[in-house]
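Here are some exercises to work through with the model open beside you. Try each task before you read its solution.

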2 protein chains.
Amino acid sequence: MTAEIKAMIFDVFGTVVDWRGGVTVACSQVFQRKQIDFDPFAFADLWRGEYQPAMERIRTGGRGYVSLDILHRENLDRVLEKTGLSAHLTASERDTLNHAWERLPPWPDSGASLKALRQRFLIAPCSNGSIALMARLAKFAGLPWDAIVGADIARDYKPQRQVYLASCAALGFDPHEVMMVAAHNDDLEAAAAAGLKTGFFPRPSEYGPGQTTDLSASGNWDICAQDMAGLAAVLGSD
Amino acid sequence: MTAEIKAMIFDVFGTVVDWRGGVTVACSQVFQRKQIDFDPFAFADLWRGEYQPAMERIRTGGRGYVSLDILHRENLDRVLEKTGLSAHLTASERDTLNHAWERLPPWPDSGASLKALRQRFLIAPCSNGSIALMARLAKFAGLPWDAIVGADIARDYKPQRQVYLASCAALGFDPHEVMMVAAHNDDLEAAAAAGLKTGFFPRPSEYGPGQTTDLSASGNWDICAQDMAGLAAVLGSD
C-alpha cells in the first residue's frame, strides 16, 4: 500500500502545531500588558470556536473565498465584542495579536518526523491556513515543507472535496498517490472519500486536558500510529 | 530601500538553475540510448524555443490556463516532429524525458545564496513553472524555498502583471515589500511596472557560449550584482 504513496499532505492546526498553546501564550502576553483580567485559555477557545462557523459560510456559498488570515481577524473582533473586551484593543493591536497564528509551537515530534518523511516523500501542508500563514508558520516552527497546498489553492475550505483534489493536482499526483495525515477523523473521512490514502495519530491535548474527541481512530485509516514520530518510524527513512 | 523588503521572489529557469545544461544532458542520455544522431544542445534550444509561443496563446486568451508541465510535453512532441525524430520516442519515453525540467542543476552559487537570503527574507520562486515542477526541482537542486508562487497561483504566465500581483498577495505582502530577482531584464520590467522592487544579476552562459542578451542591466533596477552570491552579500546575512 505504501509503495504507491509519493506525497504526504498534512493537516497543520492541531496535527503539526499546538494552536491552543500558542494562541494562549500570545493572548496572555497582551492581556498582561493591557491589564485585562480574562483567562487566556478560555479566550483562545472562544477565538477558535468562531473558526468553523466562519468557514462554513464560505463552504456553503454564502460568501466568496477570503483567506483564513482575514477570518481570524474578523473572529477576533467578534470574540472581543462577546467578551466585553472591545475597548481594550486598538485595530493595530488586534492586527498584531492576529499574527499569533503564524507563531505556533510545533508538537515536540513534528520537526524531526517531517524531516524523516521528507527523505522519502514530497511533503506539504494541506491546511485551511493560507499560503502566507503557512509560510510564516513554517519559518517560525522549522517545518521543512516541499510546497504549500490547501485552502488557498482550492479557494475553499476543508473538508470540501475540492481542497483535497486541488491539492493533489497542484503537487502533480493522483489522489491514490497521496496520503492525507491528520489528528482529526473528519478530515481523513473527507480525504478518503476523495480517493486519498489516510494516516492518523491522536494529539490528545490539542483541546486541553479535558479533550474527549479524536482520541483514537474512528475510521479504517490506512495507517494509524501513536504520534507523528510513530508514523515516521513506519513510513520515513533517515 | 532594502529596509522595507520582506520577501524575495525569484525567476528560476536561467536565474536559479541551468535549464540548458540540464535539458541537454537529459536529451543526450536518451539520444545515446536510442542511437539518435542529433546535437542535444540544439535540441534543448529548439525545445525551449517553443516556450514563449506556447505561453503566449494563454496570455492572450487564446487558450485557458494549463500548467507548464503540459506545455513542455506538447512542445516536445512538436520539436520531435520538426526534427524528424518522432518515430524514435514512444509516449512513455517522452513523458520520462519531460521530467528533465524537474532535474535541472542549480548554478554554483544558488543554493548557498538562497540559504543566506532566507535568513532575512521570505523566499519563493515566482516562475512560469507549476507548483508540482517547482517542488520537484527544489528537492532535486536543494533550493530552500519558504513557499512556491508564480504562474500556478495566478493561472497566467509572466510577464502578465497579475502573476506578480497574485504572487505578492499569496505571500501576504504588498508589492513594494517584495523584490523580484531575475537574470532577465524583461521579467524585471514587468515586475517594476507592477510595483515590486527589482534585483538583477546576469547569467551570461544561460543560452550558451554565444549569448548576446541580458548580459547586463538594461533598466534602473533597485539592486544589480555580478551574480546571486553578490546579491546575497549585499542583502543576506551569514
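Buried area is the accessible area, taken with a 1.4 Å probe, that two parts lose on being put together, summed over both. This is a predicted model, in which local features need pLDDT of at least 70 and side-chain atom pairs count only at pLDDT 80 or more, while totals for chains, interfaces and linings use all residues. Residues are numbered from 1 along each chain as its sequence is written, chains are lettered from A and ligands numbered from 1 in the order in which they are written, and side-chain values use heavy atoms, with hydrogens and water left out.

**Exercise 1. The interface**

Describe what chain A and chain B bury and share between them.

Solution. 
- Start with the area: about 1,400 Å² is buried between chain A and chain B, and carbon and sulfur atoms give 57% of it. On the chain A side, Ile131(A), Arg136(A) and Lys139(A) lose the most area to chain B, together 36% of what that side buries.
- Next, take contacts (heavy atoms within 4.5 Å). Here 16 residues of chain A meet 16 residues of chain B.
- Then look for salt bridges (a side-chain nitrogen of Lys or Arg within 4 Å of a carboxyl oxygen of Asp or Glu). There are two between the chains; one of them joins Lys139(B) to Asp146(A), with the closest N and O atoms 2.5 Å apart.
- Finally, assign elements, where helices (H or I, at least four residues) and strands (E, at least two) are DSSP runs numbered from the N terminus. Helices α7 (131-141) and α9 (161-171) of chain A each give two or more residues to the side that touches chain B, and α7(A) gives the most, with five residues.

**Exercise 2. A helix in chain B**

Is helix α7 of chain B largely enclosed or open?

Solution. 
- Apply the burial cut-offs: buried means under 20% relative accessible area, exposed over 50%, and partly exposed in between (1.4 Å probe, protein chains only).
- Nine of the eleven residues of α7(B) (residues 131-141) are buried, so the helix is largely enclosed by the rest of the structure. Among them are Ile131(B), Met134(B), Arg136(B) and Leu137(B).
- Now find the packing partners: the buried residues pack against β2 (122-127), α8 (151-154) and α9 of chain A, together with α4 (68-82), β2 (122-127) and α8 (151-154) of chain B.
- Just after the helix, Gly142(B) takes a positive phi of about 70°.

**Exercise 3. The sheet of chain B**

In what order do the six strands of the open sheet in chain B lie?

Solution. 
- The order is β3-β2-β1-β4-β5-β6, and the pairing is parallel. Strands β3 (149-150) and β6 of chain B are the edges, each pairing on one side only.
- Follow β5(B) to its neighbours. Four bridges join it in parallel to β4(B) (residues 178-182), and two bridges join it in parallel to β6(B) (residues 223-224).
- Phe200(B) in β5(B) is the bridge partner of Ala182(B), and Phe200(B) also stands opposite Cys224(B) in β6(B).
- In a regular strand the side chains alternate between the two faces of the sheet. In β5(B) (residues 197-200), Lys197(B) and Gly199(B) point one way and Thr198(B) and Phe200(B) the other way, and all are buried.

Terms used: Pairing = 2+ DSSP bridges.
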